[in-house]
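Subject: Structure handover and findings

Hello,

Here is the structure for your files. My notes on what was found in it follow below.

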Amino acid sequence: AASGLTALDVELAEWLRDRGVRRVVAWNKCEFGRRPSADDAAHAARFAHKGDAPVHLSATHGDGLPDLLVRLRAEAVSSAAWEAEVSDEQRDDALRDDEARTASARRRTKR
C-alpha cells in the first residue's frame, strides 16, 4: 500500500469537496496509537467535512472501527435530511453537469 497521501487521493478529495459531497476521512495504519505525519494530517483535516477530525483506525486490529461506524451513521442521517431538502430539479441539474464533465474528461484522455 502507498504511504501517505497520493496525488489521486488529493484530486478525489478536492473533487468531492468542491461538489459539497459529505465525507468522512479515515486514516488507516494507526495501530498502537501511531498517527500520520503532521503534513499528511493537515491535508486530511482539510478534506474532512466541516472541519471534522479524521478518524484514526487500524483495520487489521479493529482499532477505531466503532468510531468510524458512528461517524458514517451520523453522516448518513445528515445526508438523508439534506436529500429531502434538495429539489428534483436541482438534483437533475447537478447530474447533467457531472455527466458533461465526465464526458469531457473521457474525450481528453482518449487523445
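Accessible areas here come from the Shrake-Rupley method with a 1.4 Å probe, and for residues only the protein chains shown count as cover. On that basis the protein exposes about 8,100 Å², of which carbon and sulfur atoms supply 55%.

Some conventions. This is a predicted model, so local features need pLDDT of at least 70 and side-chain atom pairs count only at pLDDT 80 or more, while totals for chains, interfaces and linings use all residues. Residues are numbered from 1 along each chain as its sequence is written, and side-chain values use heavy atoms, with hydrogens and water left out.

Confidence and layout

The average pLDDT (the predictor's confidence in each residue, from 0 to 100) is 75 for the protein, and 66% of the residues score at least 70. The protein has four helices and two strands; these are DSSP runs numbered from the N terminus, with helices being H or I of at least four residues and strands being E of at least two. Starting at the N terminus, their order is α-β-α-β-α-α. Where pLDDT is low, the predicted coordinates should not be read in detail.

Of the 111 residues in the protein, 18% are buried. Buried means under 20% relative accessible area, exposed means over 50%, and partly exposed is in between (1.4 Å probe, protein chains only). Taking contacts (heavy atoms within 4.5 Å) between residues at least 6 apart in sequence, 63% join residues at least 24 apart.

In soluble globular proteins, nonpolar side chains tend to be buried together.

Which residues of H2 are buried? They are Asp-40, Ala-44 and Phe-47. Because they cover an arc of only 60° around the axis, they are on the same side of H2; the arc is that of the directions from the helix axis to the C-beta atoms. These buried residues pack against helix H1 (7-18) and E1. Ala-38 and Asp-39, on the other side of H2, are exposed. Apart from neighbours within four places in sequence, Ala-44 is in contact with Leu-5, Val-25, Trp-27 and Pro-54.

The two loops

Glu-31 sits in the loop between strand E1 (26-27) and helix H2 (38-47). Is Glu-31 buried or exposed? Its relative accessibility is 12%, so Glu-31 counts as buried. Its side chain makes a polar contact of 2.8 Å with the side chain of Ser-58. A polar contact is a pair of N or O atoms within 3.5 Å; within protein, one must be able to donate a hydrogen and the other to accept it, and residues adjacent in sequence count only if both atoms are side-chain atoms.

Ser-58 belongs to the loop between E2 and H3 and counts as buried because its relative accessibility is 0%. The side chains of Ser-58 and His-61 are also joined by a polar contact, of 3.1 Å. Beyond residues up to four places away in sequence, Ser-58 touches Asn-28, Lys-29, Cys-30, Glu-31 and Asp-63.

Lys-29 lies in the loop between E1 and H2. Its phi is near 70°, a positive value in a residue other than glycine. At 43% relative accessibility, Lys-29 is partly exposed.

Leu-57 is placed in the loop between E2 and helix H3 (65-85) and is buried, with a relative accessible area of 6%. Leaving out neighbours within four places in sequence, its contacts include Trp-27, Lys-29, Cys-30 and Leu-68. Leu-57 and Arg-34 are 23 residues apart in sequence, and their C-alpha atoms are 9.4 Å apart.

Regards
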